Amino acid sequence: MYLIHIAAALANSSVRTLSQQEELPLLRDHLLRLDRTSRRDRFHGFMDDSFIERYAEKCADDGTTIIAFFENGVVRGAAELHPPDQSPDSLPEIAFSVEASVRRRGVGSILFRKLITVARAKGYKSLRITTGAQNEPMRALANKFGAQLVFRHGESTGTIDLTKQDQTELATTWADSTLNAARTVANFNRAYWRMLLRMYGWGRAA
């Protein structure tokens, strides 16, 4: 039933890269919806609304690419790809945020795959990721995609070598995921109605 719940939820969702005009309002509103713990995990400390508003404005102006996860037309998750000229070591930096209402549905993995595809298209060879020491889900996700994280100064930081990524792992596109989810729901519905028909003697056992 857990997988059916995920499949049904994803069937009403989509992922796409925001246009520059969309970045400020949509990213800002998403980040403002993050609860206190999620804000701490995303920014390595609690940040108030004014900071988030300034941060979203900066992302909209400095060339940051925002890949958004939509549920029923509302951004509930975001992957950020910051240009290399914003980093002291000239590596493009990535960051993720997922609202509590859509967690445990594979949203982080979907965003990560899409972000890596976009980063490759831009010609990037490596990515930097930094996450809070207490953000275990993000550390696990980063490790899944090959990040070698090092703990220092209260946070974990590392790089992802895009030239060594498993092409098979990254081949699952959003369209594939949605199609598989729809098939799962359809198969479940057919099995459910067959079971009811058999229970009430309205159909023959398959």
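Start by selecting Phe 51: with a relative accessible area of 24%, this residue is partly exposed (buried is under 20% relative accessible area, exposed over 50%, partly exposed in between, with a 1.4 Å probe and protein chains only). Before going on, note that this is a predicted model, where local features need pLDDT of at least 70, side-chain atom pairs count only at pLDDT 80 or more, and totals for chains, interfaces and linings use all residues. Residues are numbered from 1 along each chain as its sequence is written, and side-chain values use heavy atoms, with hydrogens and water left out.

(Rings of Phe, Tyr and Trp, the last by its six-membered ring, pair if their centres lie within 6.5 Å; planes under 30 degrees apart are stacked, over 60 edge-to-face, the rest tilted.) Both residues sit in helix H4 (residues 49-61), four residues apart, about one turn of the helix. (Helices are DSSP runs of H or I, at least four residues, and strands are runs of E, at least two, numbered from the N terminus.) Tyr 55 counts as buried, at 14% relative accessibility.

Next, bring in Phe 43, which is buried at 9% relative accessibility.

Time for the inside. The largest nonpolar core has 27 residues, and Ile 94, Phe 96, Leu 111, Phe 112 and Leu 127 have the most contacts inside it. (A nonpolar core is a set of buried Ala, Val, Leu, Ile, Met, Phe, Trp, Tyr and Cys residues joined through side-chain atoms within 4.5 Å.) Colour helix H5 (107-121) and strand E2 (65-71), two of the elements that give two or more residues to this core. H5 gives the most, with eight residues.

Finish on Thr 65, in strand E2. Thr 65 counts as buried because its relative accessibility is 11%.
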